[in-house]
Amino acid sequence: MTTLPTGVPPTPAAPPAAPVRPPDLGTPPCIGVDPGAKWTAAVLRVGDYAEHGWTMGPIDRRGVLDSAALDDVDDWYAIQRYMVKMLTGLDQLVDYATDRYGAVRVGVETPKVPVGYQPNSRLANRLPMGEWLLPKLFTAAVIGAYPASRLVLPDKLGRRPATEYPRELRGTRPPGWGPNEARRGERDHERAAYDIAGLAAVMP
(Lines give C-alpha, C1' and ligand atoms only; values in the text may rest on other atoms or scores of the structure.)
Protein backbone atom coordinates (compact mmCIF):
# COMPACT_ATOMS: atom_id res chain seq x y z
CA MET A 1 0.00 0.00 0.00
CA THR A 2 1.15 3.54 -0.69
CA THR A 3 2.20 5.53 2.36
CA LEU A 4 1.09 9.14 2.51
CA PRO A 5 3.91 11.62 3.20
CA THR A 6 3.53 14.27 5.86
CA GLY A 7 1.23 17.08 4.82
CA VAL A 8 -0.87 15.07 2.37
CA PRO A 9 -4.34 14.28 3.72
CA PRO A 10 -5.72 10.77 3.37
CA THR A 11 -8.11 10.11 0.53
CA PRO A 12 -11.79 9.66 1.37
CA ALA A 13 -13.01 6.50 3.02
CA ALA A 14 -12.92 3.19 1.19
CA PRO A 15 -16.01 2.06 -0.76
CA PRO A 16 -19.08 0.82 1.10
CA ALA A 17 -18.67 -2.54 2.84
CA ALA A 18 -21.49 -4.52 1.27
CA PRO A 19 -22.67 -3.45 -2.18
CA VAL A 20 -25.14 -5.59 -4.07
CA ARG A 21 -23.18 -8.02 -6.20
CA PRO A 22 -24.36 -7.96 -9.83
CA PRO A 23 -24.71 -11.20 -11.76
CA ASP A 24 -21.60 -12.83 -13.20
CA LEU A 25 -21.57 -12.02 -16.92
CA GLY A 26 -18.42 -13.96 -17.77
CA THR A 27 -15.84 -11.19 -17.52
CA PRO A 28 -13.63 -10.50 -14.51
CA PRO A 29 -14.25 -7.51 -12.25
CA CYS A 30 -12.10 -4.73 -13.64
CA ILE A 31 -11.04 -1.28 -12.51
CA GLY A 32 -10.57 1.19 -15.33
CA VAL A 33 -8.30 4.19 -14.78
CA ASP A 34 -8.58 7.31 -16.92
CA PRO A 35 -5.56 9.55 -16.25
CA GLY A 36 -5.84 13.23 -17.06
CA ALA A 37 -3.80 16.39 -16.82
CA LYS A 38 -6.16 17.73 -14.13
CA TRP A 39 -8.49 14.91 -13.08
CA THR A 40 -8.04 11.16 -12.85
CA ALA A 41 -10.96 8.76 -12.53
CA ALA A 42 -11.23 5.11 -11.55
CA VAL A 43 -14.33 2.93 -11.86
CA LEU A 44 -14.89 -0.63 -10.69
CA ARG A 45 -16.93 -2.40 -13.35
CA VAL A 46 -18.47 -5.86 -13.03
CA GLY A 47 -20.19 -6.90 -16.23
CA ASP A 48 -22.16 -3.82 -17.27
CA TYR A 49 -22.56 -2.58 -13.70
CA ALA A 50 -20.54 0.42 -12.47
CA GLU A 51 -20.15 -0.53 -8.82
CA HIS A 52 -17.95 2.23 -7.48
CA GLY A 53 -15.78 5.06 -8.67
CA TRP A 54 -14.14 8.38 -8.03
CA THR A 55 -12.68 11.42 -9.79
CA MET A 56 -9.79 13.13 -8.01
CA GLY A 57 -7.72 16.21 -8.69
CA PRO A 58 -4.37 17.67 -7.60
CA ILE A 59 -3.66 19.31 -4.27
CA ASP A 60 -1.38 22.10 -3.12
CA ARG A 61 1.28 21.90 -0.41
CA ARG A 62 -1.39 22.29 2.29
CA GLY A 63 -3.30 19.33 0.94
CA VAL A 64 -6.09 21.53 -0.43
CA LEU A 65 -7.66 20.72 -3.79
CA ASP A 66 -6.11 23.05 -6.37
CA SER A 67 -6.79 22.59 -10.09
CA ALA A 68 -3.72 24.72 -10.90
CA ALA A 69 -1.34 22.66 -8.78
CA LEU A 70 0.03 20.80 -11.81
CA ASP A 71 0.37 23.78 -14.14
CA ASP A 72 4.17 23.70 -13.74
CA VAL A 73 5.23 20.36 -15.23
CA ASP A 74 8.64 20.76 -13.53
CA ASP A 75 7.07 20.86 -10.07
CA TRP A 76 7.91 17.30 -9.07
CA TYR A 77 6.59 17.78 -5.56
CA ALA A 78 3.14 18.61 -6.95
CA ILE A 79 3.33 15.59 -9.25
CA GLN A 80 4.39 13.43 -6.30
CA ARG A 81 1.47 14.64 -4.18
CA TYR A 82 -1.00 13.84 -6.93
CA MET A 83 0.48 10.43 -7.71
CA VAL A 84 0.39 9.44 -4.04
CA LYS A 85 -3.20 10.61 -3.70
CA MET A 86 -4.30 8.82 -6.89
CA LEU A 87 -2.49 5.58 -6.12
CA THR A 88 -3.79 5.52 -2.56
CA GLY A 89 -7.34 5.79 -3.89
CA LEU A 90 -6.62 3.08 -6.45
CA ASP A 91 -5.10 0.81 -3.79
CA GLN A 92 -8.26 1.18 -1.72
CA LEU A 93 -10.45 0.28 -4.66
CA VAL A 94 -8.28 -2.73 -5.58
CA ASP A 95 -8.31 -3.97 -1.97
CA TYR A 96 -12.08 -3.61 -1.81
CA ALA A 97 -12.65 -5.44 -5.10
CA THR A 98 -10.20 -8.20 -4.16
CA ASP A 99 -11.93 -8.73 -0.81
CA ARG A 100 -15.33 -8.74 -2.51
CA TYR A 101 -14.62 -10.84 -5.60
CA GLY A 102 -11.34 -12.63 -4.86
CA ALA A 103 -9.47 -10.92 -7.69
CA VAL A 104 -9.68 -7.83 -9.84
CA ARG A 105 -8.07 -6.69 -13.05
CA VAL A 106 -6.74 -3.16 -13.63
CA GLY A 107 -6.89 -1.42 -16.99
CA VAL A 108 -5.41 1.98 -17.76
CA GLU A 109 -5.52 4.26 -20.77
CA THR A 110 -2.15 4.76 -22.48
CA PRO A 111 -2.07 8.27 -23.95
CA LYS A 112 0.03 8.84 -27.05
CA VAL A 113 2.58 11.61 -27.67
CA PRO A 114 0.91 14.20 -29.93
CA VAL A 115 2.15 14.20 -33.50
CA GLY A 116 3.63 17.68 -33.12
CA TYR A 117 5.95 16.47 -30.35
CA GLN A 118 7.16 13.38 -32.17
CA PRO A 119 10.68 13.29 -33.69
CA ASN A 120 11.03 14.88 -37.14
CA SER A 121 7.51 16.30 -37.05
CA ARG A 122 7.01 19.58 -38.89
CA LEU A 123 3.74 20.32 -37.13
CA ALA A 124 3.54 23.03 -34.49
CA ASN A 125 3.34 21.86 -30.87
CA ARG A 126 0.05 23.58 -30.13
CA LEU A 127 -1.05 21.33 -27.28
CA PRO A 128 0.36 22.46 -23.89
CA MET A 129 2.95 19.98 -22.69
CA GLY A 130 1.11 19.19 -19.48
CA GLU A 131 -1.99 18.07 -21.39
CA TRP A 132 -0.20 14.97 -22.70
CA LEU A 133 2.90 14.60 -20.49
CA LEU A 134 1.08 14.39 -17.16
CA PRO A 135 -1.40 11.69 -18.23
CA LYS A 136 1.54 9.62 -19.51
CA LEU A 137 3.30 10.02 -16.17
CA PHE A 138 0.18 8.96 -14.28
CA THR A 139 -0.29 5.97 -16.56
CA ALA A 140 3.31 4.97 -15.87
CA ALA A 141 2.64 5.25 -12.14
CA VAL A 142 -0.35 2.90 -12.42
CA ILE A 143 1.68 0.40 -14.46
CA GLY A 144 4.49 0.58 -11.90
CA ALA A 145 2.09 -0.12 -9.06
CA TYR A 146 0.14 -2.78 -10.99
CA PRO A 147 2.47 -4.37 -13.57
CA ALA A 148 -0.25 -6.72 -14.86
CA SER A 149 -2.43 -3.77 -15.87
CA ARG A 150 -4.06 -4.08 -19.28
CA LEU A 151 -3.09 -1.19 -21.53
CA VAL A 152 -5.96 0.47 -23.39
CA LEU A 153 -5.31 2.80 -26.30
CA PRO A 154 -7.27 6.06 -26.56
CA ASP A 155 -10.34 5.68 -28.79
CA LYS A 156 -13.13 8.11 -27.94
CA LEU A 157 -13.36 6.62 -24.47
CA GLY A 158 -16.25 8.01 -22.45
CA ARG A 159 -17.61 9.93 -25.42
CA ARG A 160 -20.69 7.92 -26.24
CA PRO A 161 -24.02 9.63 -25.50
CA ALA A 162 -24.59 9.70 -21.74
CA THR A 163 -27.79 7.69 -22.18
CA GLU A 164 -25.72 4.70 -23.35
CA TYR A 165 -24.02 4.45 -19.96
CA PRO A 166 -25.52 2.82 -16.84
CA ARG A 167 -27.49 5.05 -14.51
CA GLU A 168 -24.62 4.99 -11.98
CA LEU A 169 -22.68 7.16 -14.42
CA ARG A 170 -25.47 9.60 -15.22
CA GLY A 171 -26.91 12.36 -13.10
CA THR A 172 -26.81 12.00 -9.34
CA ARG A 173 -23.94 9.83 -8.17
CA PRO A 174 -24.79 6.72 -6.13
CA PRO A 175 -24.49 7.08 -2.33
CA GLY A 176 -21.17 5.85 -1.05
CA TRP A 177 -19.17 6.51 -4.20
CA GLY A 178 -15.83 8.27 -3.82
CA PRO A 179 -15.34 11.98 -4.45
CA ASN A 180 -15.97 13.81 -7.67
CA GLU A 181 -13.54 16.71 -7.45
CA ALA A 182 -13.97 17.96 -11.02
CA ARG A 183 -14.88 21.64 -10.91
CA ARG A 184 -18.39 21.28 -12.33
CA GLY A 185 -18.98 17.71 -11.26
CA GLU A 186 -18.38 16.32 -14.75
CA ARG A 187 -18.74 12.55 -15.11
CA ASP A 188 -16.84 12.21 -18.41
CA HIS A 189 -13.66 10.86 -16.81
CA GLU A 190 -15.69 8.23 -14.93
CA ARG A 191 -17.47 7.22 -18.12
CA ALA A 192 -14.09 6.90 -19.83
CA ALA A 193 -12.82 4.78 -16.93
CA TYR A 194 -15.92 2.57 -17.32
CA ASP A 195 -15.15 2.09 -21.03
CA ILE A 196 -11.50 1.34 -20.21
CA ALA A 197 -12.57 -1.28 -17.69
CA GLY A 198 -14.87 -2.90 -20.25
CA LEU A 199 -12.09 -3.17 -22.84
CA ALA A 200 -9.54 -4.37 -20.30
CA ALA A 201 -11.91 -7.04 -18.99
CA VAL A 202 -11.96 -8.87 -22.34
CA MET A 203 -8.22 -8.65 -23.02
CA PRO A 204 -6.13 -11.83 -22.66
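**A walk through the fold**

Guide: Let's start at α3: twelve of its 14 residues are buried, so the rest of the structure largely encloses this helix. Keep in mind that we're looking at a predicted model.

Visitor: What covers the buried residues of α3?

Guide: The buried set of α3 includes His 189, Glu 190, Arg 191, Tyr 194 and Asp 195, along with Ile 196. Strands are part of what covers these buried residues. The cover includes β1, β2, β3, β4 and β5 (150-152).

Visitor: How far does α3 reach from its first C-alpha to its last?

Guide: α3 has 14 residues. At 1.5 Å a residue, the expected figure is 20 Å, and the model comes close to that. End to end, α3 reaches 20 Å.

Visitor: Why does the span of α1 agree with its number of residues?

Guide: α1 has 26 residues, which at 1.5 Å a residue should span 38 Å. Following α1 comes Gly 102, with a positive phi near 90 degrees.

Visitor: Which elements do the buried residues of α2 pack against?

Guide: α2 has 17 residues and reaches 24 Å, close to the 24 Å expected. Its buried residues include Trp 132, Leu 134, Phe 138 and Val 142. Those buried residues of α2 pack against β1 (30-34), β2 (40-46), α1 (76-101) and β4 (105-109).

Visitor: Is Thr 55 buried or exposed?

Guide: Thr 55 sits in strand β3 (residues 49-56). The cut-off for buried is under 20% relative accessible area. Thr 55 has 1% relative accessibility, so Thr 55 counts as buried.

Visitor: How many Å apart in space are Thr 55 and Ala 182?

Guide: Beyond its neighbours within four places in sequence, Thr 55 is in contact with residues including Trp 39, Arg 173, Ala 182 and Glu 190. Thr 55 and Ala 182 are 127 residues apart in sequence. C-alpha to C-alpha, they are 6.8 Å apart.

Visitor: What share of contacts in the protein chain join residues at least 24 apart?

Guide: Take the contacts between residues at least 6 apart in sequence. Of these, the share that joins residues at least 24 apart is 71%.

Visitor: Which residues are closest to the centre of the largest pocket?

Guide: The largest pocket has a volume of about 510 Å³. It has 22 lining residues, and the elements that give two or more of them are α2 (129-145) and α3 (188-201). By class, the lining has ten nonpolar, three polar and nine charged residues. Closest to the centre are Asp 34, Pro 35, Glu 109, Arg 159 and His 189.

Visitor: Where is the pLDDT below 50?

Guide: The protein chain averages a pLDDT of 88, and 88% of the residues score at least 70. One stretch below 50 still has 20 contacts in the model beyond near neighbours in sequence, and that one covers residues 1-10. Another stays under 50 with ten contacts beyond four places in sequence, over residues 16-20.

Methods
Residues are numbered from 1 along each chain as its sequence is written. This is a predicted model: local features need pLDDT of at least 70, side-chain atom pairs count only at pLDDT 80 or more; totals for chains, interfaces and linings use all residues. Side-chain values use heavy atoms; hydrogens and water are left out. pLDDT is the predictor's confidence in each residue, from 0 to 100. Contact means heavy atoms within 4.5 Å. On a 1 Å grid over the protein atoms alone, a cavity is a set of points where a 1.4 Å probe fits but cannot get out, and a pocket is an open set with protein on both sides within 12 Å along at least five of seven lines; lining residues have an atom within 4 Å of a point. Grid points are joined across faces, edges and corners, and a volume is the space filled by probe spheres set on the points. Helices (H or I, at least four residues) and strands (E, at least two) are DSSP runs, numbered from the N terminus. Ala, Val, Leu, Ile, Met, Phe, Trp, Tyr, Cys and Pro count as nonpolar, Asp, Glu, Lys and Arg as charged, and the others, Gly among them, as polar. The expected span of a helix is 1.5 Å times one less than its number of residues. Buried means under 20% relative accessible area, exposed over 50%, partly exposed in between (1.4 Å probe, protein chains only).
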